[in-house]
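Dear colleague,

Please find the structure below. My notes on it follow directly after.

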Amino acid sequence: MVEVTVTPQSSLADRPVQIRVRGLSPSQLVTLRAWLKDEQGERFQSRAFFRADGAGEVDPGLHAALGGSYSGVWPMGLLWFLQPDTLFRRLVKRDVAGSPFRVRLEVLDGLCLGSEPQEQPLASCEAERWFVGPGVQRLPVRQGRVRGALFLPP
């Protein structure tokens, strides 16, 4: 049974996570795809092609991506190379304290190039990427012409 995991499942957006796929056949070609919808409902996604090792595992931190949104060893590549489905859109988080980005990670059999693959993923999981840690206060700053936000630790 194929399984994809993200450790930790919930983390701050600037913290590294480990993505692992287990249960594949040795040397199986797979596509790892990450996608999310922003606060306006725009979809952003990335994909990378991998060949499983002899144990039937893929770890983007150890194994080089053969192509897709990036190539080479990039442990966080699936999260760093998210691109919009609609041209000229930017991935921006406005409600930084209230909710995380929920990133869906999927493992697809073979090399999947389309943005909406017809086949079902072999496995999937979800990761939360928060922009503000627990207990952090956000205070708006409005002094003269200065506008901003002050984030205070707990």
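The lining of the largest pocket consists of 10 nonpolar residues, no polar ones and one charged residue. Here Ala, Val, Leu, Ile, Met, Phe, Trp, Tyr, Cys and Pro count as nonpolar, Asp, Glu, Lys and Arg as charged, and the others, Gly among them, as polar. The lining includes Leu-36, Trp-80, Phe-101 and Arg-129. Helix H1 (77–80) and strand S8 (101–109) each give two or more residues to this lining. The pocket holds about 150 Å³ of space.

A pocket is an open set of points on a 1 Å grid over the protein atoms alone, where a 1.4 Å probe fits, with protein on both sides within 12 Å along at least five of seven lines; lining residues have an atom within 4 Å of a point. Grid points are joined across faces, edges and corners, and the volume is the space filled by probe spheres set on them. Helices (H or I, at least four residues) and strands (E, at least two) are DSSP runs, numbered from the N terminus.

This is a predicted model, in which local features need pLDDT of at least 70 and side-chain atom pairs pLDDT 80 or more, while totals for chains, interfaces and linings use all residues. Residues are numbered from 1 along each chain as its sequence is written, and side-chain values use heavy atoms, without hydrogens and water.

Regarding the backbone, a cis peptide bond, with omega about -10°, joins Thr-7 and Pro-8. Pro-8 lies in the loop between strands S1 (3–7) and S2 (10–12). Ser-27, although not a glycine, has a positive phi of about 65°.

Yours sincerely
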